[in-house]
Amino acid sequence: MSGSLSALLAGTEDIEAAYRRMPCSQPWYTIFAILDPTTSQVVFFRLQGFNFGLKSAVVQFNRLSAFMCRDGVRFLALVVTNYFDDFCVVEPRFALGGPQALLRAMAKDIIRVPFAPRP
C-alpha cells in the first residue's frame, strides 16, 4: 500500500491578498476612520475589496474559492480542494506538476485571481 500512496503528490496554492481582490457591492461598508494623533482630526480611508470585520466577507469570499474548485474539477479534471483562500491539488507522480500548473493558469488567466508567488 505504501508504494501506491507514494505515487501521489500534493501541492498547495494560496490566493495573493485574497480579501483585497474581491469587489464589494456595498462600498460604504469598506470605509474606516482613524484619529490622526498629530492633528487630532479623524481621517477616513476606503479599503479595496473586503475588510476582515465585515460579517459577510468570509461567506462571500468562499463563493469564489468554491467556484474555482468546481471549475477545476469539472473542466480540468483536477483533484482539488480548498480551505478559504488555500488550495490543495493531488496528482499522480507521473503528471510532473501539470495539474497544479493548470490550476495556477486557470486562476491567473481565466478568473484573474493570481496565486501568491512561490518562495
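1. Val-42 sits in strand β3 (strands are DSSP runs of E with at least two residues, helices runs of H or I with at least four, numbered from the N terminus). Val-42 is partly exposed at 49% relative accessible area (buried is under 20%, exposed over 50%, partly exposed in between, with a 1.4 Å probe and protein chains only).

2. A caveat: this is a predicted model, where local features need pLDDT of at least 70 and side-chain atom pairs pLDDT 80 or more, while totals for chains, interfaces and linings use all residues. Residues are numbered from 1 along each chain as its sequence is written, and side-chain values use heavy atoms, leaving out hydrogens and water.

3. Now the rings. The whole structure has five aromatic pairs (ring centres of Phe, Tyr or Trp, the last by its six-membered ring, within 6.5 Å; planes under 30 degrees apart are stacked, over 60 edge-to-face, the rest tilted). One of them, Tyr-19 with Phe-50, is edge-to-face, at 6.5 Å centre to centre and 70° between planes. Tyr-19 belongs to helix α2 and Phe-50 to the loop between β3 and α3, 31 residues apart.

4. Tyr-19 also pairs with Phe-61: the centres are 5.3 Å apart and the planes at 20°, so this pair is stacked. Phe-61 is buried at 1% relative accessible area, and Tyr-19 is buried at 13%. Ring pairs join Tyr-19, Phe-50 and Phe-61 into a cluster.

5. Val-58, in helix α3 (residues 57-76), touches Tyr-19 and Phe-84, leaving aside neighbours within four places in sequence (contact means heavy atoms within 4.5 Å). Val-58 is partly exposed, at 34% relative accessibility.
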